[in-house]
Amino acid sequence: MRKTQLSCAIVAALATTSIAAQESKAPAKLETIEVTATKRTESIQDVPVAVQALNGKALENLGIDNFQEYVEFLPNVVFQGTGPGQNEIYIRGAATTQSNIMLSSVQALQPSVAFYLDEMPVSMAGRNLDVYATDVERVEVLPGPQGTLFGASSQAGTIRLITNKPDHTGFGAGFDTNIGFTKDGEMSNSVQAYFNMSLTDDLAVRVAAYNDQQGGWIDNVRNVPGEGGYIGSAVVVDRISGGPLADPVAMDANRITNPNVSSSAEASVVSPQNDALVEEDFNDAVYSGARFGLSYHINDDWDLLVQHTQQTLDTEGVFSYDPTLEGETSAIRFQPEENRDEFGLTTWTVEGRMDKLDVVYTGGYLDREIDTLADYTGYTNGGLFSAYYLCNHYDTPDNAADERCLDPTKYYKEDTSSTRSTHELRFNTTMDTPWRVTAGLFYDEQEVATVGQFKIANTEMSTFGFDNLQRTLVGNEGINSDGGPFPAEVSFINDITHTIEQVAVFGQVEYDLTEKLTASIGARWYQIDDIYVGSTSTVDVTRRIRAFGTNDADELAAVGLDPDAVNAAIQSGQLETDLLDNDGVLTVDDTIYKFSLDYKVNKDVLVFANYSEGFRPPVTNRVGGGLATNQSGKFENFRIPVYSTTDTLDNYELGLKGDFFDGLFRVNATAYYSEITDLQTSRFDPTNISFLVFTDNVGDAEIKGLDADLTWLATDDLVINAAFSLLDTELTSINSELEGIAAGVGSQLPYSAEFSGNINARYFFELEGGKRGYVNGSVSYTGDRFAGMVMDAFVMEDATQNIYGTGSGLKIEQEAAVYEGVTYADSNGETFRGGRYVQESYFLANLAVGVTNDVWKAELYIDNVFDERAILNIDTQQFTPKVVTNRPRTIGMRFSYDYY
C-alpha cells in the first residue's frame with residue numbers, strides 16, 4: 001500500500017512511533033524513538049528491555065501536561081494518591097498500603113518506582129515531585145526492576161521525564177494556550193511558551209515557562225447532620241478509646257438529629273459546623289514555573305549542559321468527595337485545606353570522549369519546600385486517646401448523664417524541607433568490538449526535614465490544660481524548630497530529620513555471541529546509610545534509636561523502655577537491631593544483578609529474556625520497639641519493629657519487539673513473573689496512637705503479567721495505537737503478626753487491576769491552503785482494584801454509619817470471617833468481618849478535532865466525553881472513606897504556534 005506524506009505526519013505526531021519516508025513514492029514505515037533506557041542512546045526497538053515512550057509531539061497531541069494524564073495511556077502504571085503533588089506511582093502491581101500524606105515525610109517508606117527528571121532522581125514517599133510536562137522531548141517508562149543502572153527505589157520500575165535541551169542550530173520560539181470549561185466547575189486556562197537561541201556557534205540557551213490554572217469542581221458544602229453530614233458518634237469514640245464513656249449509646253441518642261434536641265448546647269455529642277468555609281469549586285490547582293538551559297560546546301570532544309527548573313504548585317481544597325452525600329462533587333471540610341509545593345532543581349552534565357570511551361558526569365541539587373494545612377477532624381474516629389481529647393467524662397465522674405463529647409474540629413499543619421544532591425560518573429565503550437561496557441559510580445544524599453503540628457484536643461476543656469497546652473519537644477538533637485513552646489492549641493508535634501546517603505558502583509557488559517545473539521550481565525553494589533533523628537512532643541527519637549544501637553540498659557530505661565524486656569525481644573528474634581551502629585545509623589549494603597539474552601530474528605524482530613533484581617532499603621521507625629498498649633488479640637506481646645527490613649523483587653521476563661507487514665504494524669509485548677520478598681507496607685500502630693503509623697514487612701508476594709502495546713498504520717490517513725496490561729497478583733505468605741489484619745495468603749495486591757487497556761486513533765484529512773485537519777479519539781479502561789492491604793473496610797463502614805447516619809455505598813469484598821485488627825464488636829454486637837473496599841472499574845473517553853499547517857495548530861477537545869466519575873482512590877486516611885475522583889467532562893480549545 002502506498003503511503004503519502006500526510007500519513008507520514010500522522011504517525012510522527014502520534015505516539016511512540018513516527019514514519020520514515022525518504023520520498024513521497026517510497027512506502028512509509030514506522031520509525032522509533034531514541035531512548036536512553038540502558039544509559040546509552042538506542043532505538044526503542046533495539047533495546048532488549050521493556051520500554052514505553054511518548055515523544056513531546058505525542059504528549060502535545062494527546063493534551064498531556066501532567067503525569068496523571070499520561071498514566072491514562074499506560075495500563076501497567078498506577079498513579080495513586082489524594083491530589084496534585086500528593087501521589088505515589090506503582091508499576092506492574094507491586095503496591096502496598098498508601099503512605100498517609102500527613103505522615104509520609106516522617107514515616108520514610110521509600111517508593112517502589114524511581115522518578116527521574118532528565119538525569120536526576122526526584123522521588124519522595126507519598127509526595128513524588130509533580131513536574132509539569134512543558135517543553136518535553138519524551139517520557140520513558142521502564143517497567144520491572146531497573147536497580148542495576150538506576151539504583152534504590154527502582155524496584156518495580158523507573159520513569160524518566162526528558163526535557164528539550166538548547167538547540168545550537170538556530171532560533172526557535174513558540175507558545176501553547178488552552179482554555180477549558182468543566183461541567184459544574186470552574187474555568188481552567190494555561191499558557192506555555194519556549195524560546196531557543198544559539199548565541200554563538202558554541203553557546204545556546206533555551207527558556208521554557210508556564211502557568212496553568214486548573215479550576216475546581218468539588219464543593220465544600222454546609223454540614224447538615226442527618227442529611228449525609230457529619231453528626232459524630234460517642235459509640236465510635238468510646239470503642240476506639242478503650243471504653244471510658246459510661247453510656248455512649250445514650251449519648252448518640254441525644255445528638256442534634258434527635259427532634260427533641262434543638263441546639264448543640266443540648267446535644268451530648270456536638271456536631272461540627274463549617275458555615276464559614278462553604279465554597280463552590282474549592283479544589284483549585286495552579287502550576288507555575290520556568291526552566292532555563294545553557295549548552296556550551298567546550299571543544300570538539302566535550303560539551304557542558306546546565307539547567308535550572310523552578311516550579312510552584314498551589315492547591316486549595318480536596319480532590320475527593322464524601323460518599324455519604326448526594327452526587328460526586330460534594331465534600332465537607334471543617335478547616336481550610338491548602339498545600340504549597342515549591343522546588344528548585346539545578347542539574348549539570350559534562351559529556352566527552354576519551355580515546356575509546358564516552359564519559360558522562362552528571363549531577364544535580366534539588367531544594368523543595370512543602371507547606372500544608374489540612375483538616376484532621378477524622379482523627380476523632382481513629383485514635384486511642386480520642387475520648388481523652390474530646391469528651392468531658394473526667395469532669396463528670398459522678399454524673400454520667402452530663403457526659404458530652406465536644407466539637408471535634410482538628411487540623412494538621414506541616415512545614416517540610418527536602419534537599420537532594422546526586423553525582424554520577426559513567427563510562428561507555430565505543431570500540432568496534434563484539435563487547436560493550438557501561439560502568440559508573442553514583443553518590444546520593446537526600447534529607448527530609450519536617451515539622452508537623454497536630455491540633456487534636458478540644459480547647460474548651462481545661463482539666464488537662466487543653467486551653468493552653470504550650471507543648472515542647474522532649475529532645476533537641478536533629479530538630480528543625482526551636483523546640484517550643486508551640487501554639488497553645490497544638491496537642492502533638494513531629495520534628496524529624498531523615499537523611500539517606502547512598503554510594504554505588506554499577507556496570508553492565510554486553511557481548512555479541514553471534515551476529516544475532518547477544519548476552520549481557522549487569523551488577524550494582526550499593527551501601528546505604530539511613531540516619532533518623534529528631535523528637536516528638538512525647539519521645540526523644542534520636543536518643544531512642546541510638547539506645548537500640550548501643551543496647552545500653554540505662555539509655556533504654558531513659559527513653560521509657562524496659563531493658564530486660566527489650567533484650568528478651570532481641571534474643572527471641574522479635575526485634576532486629578543488628579543493622580544499627582552505636583550512633584543509631586542504619587547501614588545496609590548488598591549487590592544486585594541482571595542477566596539478559598536477546599536474539600535478532602531479523603532486522604525487524606527482536607526477542608529477549610531477562611532476569612533482574614530490585615530493592616527498597618530498610619526504613620527506621622520513629623517509635624520502634626514500643627509495646628502495644630492493647631495487649632489483647634493479635635496485639636498481645638506485639639512490639640513495633642525498630643526498622644523494616646529491605647524488600648526485594650526478583651523478576652523474570654520474556655519479550656518481543658517486532659515490525660510486521662512491511663513496517664505497518666508494530667507489536668511490543670513482555671510477559672513477566674516477579675517474586676517480592678519481605679514486602680514493605682504502611683500500617684496502623686497497635687500502640688493505638690493512630691498518627692504513629694509505621695512501616696512493617698507484610699510478607700511475600702508474586703506477580704504474573706503481560707504488557708503489550710500495538711501500533712497499526714491502518715490507511716493513508718489513519719493510525720491506531722492500543723495497549724493493555726494483564727495482571728495476576730497474589731500474597732504468598734503473611735507476617736504472622738499481621739494474619740487476620742492484612743489480606744490473607746492468596747489475596748490480590750492493592751491498587752492495580754487484573755486488566756487495563758486503552759485505544760487511541762488519529763485520522764488526518766487534507767484541507768485547502770496546505771493545511772491538514774485531524775480527529776483524535778481515545779478510550780481507556782481500568783478494572784476493579786482493591787484499596788489498601790488492611791481488611792478494615794467493614795470497621796470503617798460501621799463507623800461511617802454511626803458518624804454520618806448513613807453508609808458510604810461503596811463496594812466491599814469480604815476476605816475473612818473475622819477481622820482481628822480491632823478488639824471491639826460492631827454496632828450490633830457482632831464480630832467484624834475482614835474485607836477491603838473495591839475501587840470499581842471505569843471507562844474514560846477523550847475526543848479532539850483540529851487544524852494545523854505545521855506552524856500553528858487550533859484544536860477543540862472534549863475530555864471525559866461521557867462524564868464518567870471514576871473511583872481513582874478510596875482514601876481512608878481519615879478513618880472514614882473519601883473518594884478521589886477525576887475531573888468531570890471538560891470542553892475546551894487549544895492553540896499553539898511555533899516559529900523556527
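Modeller: A residue is called buried when its relative accessible area is under 20%. Please bear in mind that this is a predicted model.

Colleague: Are Cys391 and Cys405 buried or exposed?

Modeller: The cut-off to apply is a relative accessible area under 20%. Cys391 and Cys405 both fall in that class, and the term for the two is buried.

Colleague: What is the handedness of the disulfide of Cys391 and Cys405?

Modeller: The sulfur atoms of Cys391 and Cys405 are joined at an S to S distance of 2.1 Å. The torsion about this S-S bond is about 90 degrees, and therefore the disulfide is right-handed.

Colleague: Where does the pair lie, and how many residues apart are Cys391 and Cys405?

Modeller: Cys391 is in the loop between helix 8 (386-390) and strand 22 (411-429). Cys405 is also in the loop between helix 8 and strand 22, and the separation is 14 residues.

Colleague: Why is strand 27 described as largely enclosed by the rest of the structure?

Modeller: Strand 27 covers residues 605-616, a run of 12 residues. It is largely enclosed because the number of its residues that are buried is 10.

Colleague: How many bridges join strand 27 to strand 30?

Modeller: Strand 27 and strand 30 (residues 647-660) run antiparallel. Gly614 stands opposite Leu649 of strand 30. The number of bridges joining the two strands is 12.

Colleague: Which residue in strand 27 is the bridge partner of Lys594?

Modeller: Strand 26 (residues 586-602) runs antiparallel to strand 27, with 8 bridges between them. A hairpin of 2 residues connects these strands. In strand 27, the partner of Lys594 is Ser612.

Notes: Residues numbered from 1 in each chain as written. Predicted model: local features only at pLDDT ≥ 70, side-chain atom pairs only at ≥ 80, totals over all residues. Heavy atoms only, no water. Buried < 20%, exposed > 50% of the residue type's maximum accessible area, 1.4 Å probe, protein only. Helix = DSSP H or I, 4+ residues; strand = E, 2+ residues; numbered from the N terminus. Pairing = 2+ DSSP bridges. Disulfide = S-S within 2.5 Å.
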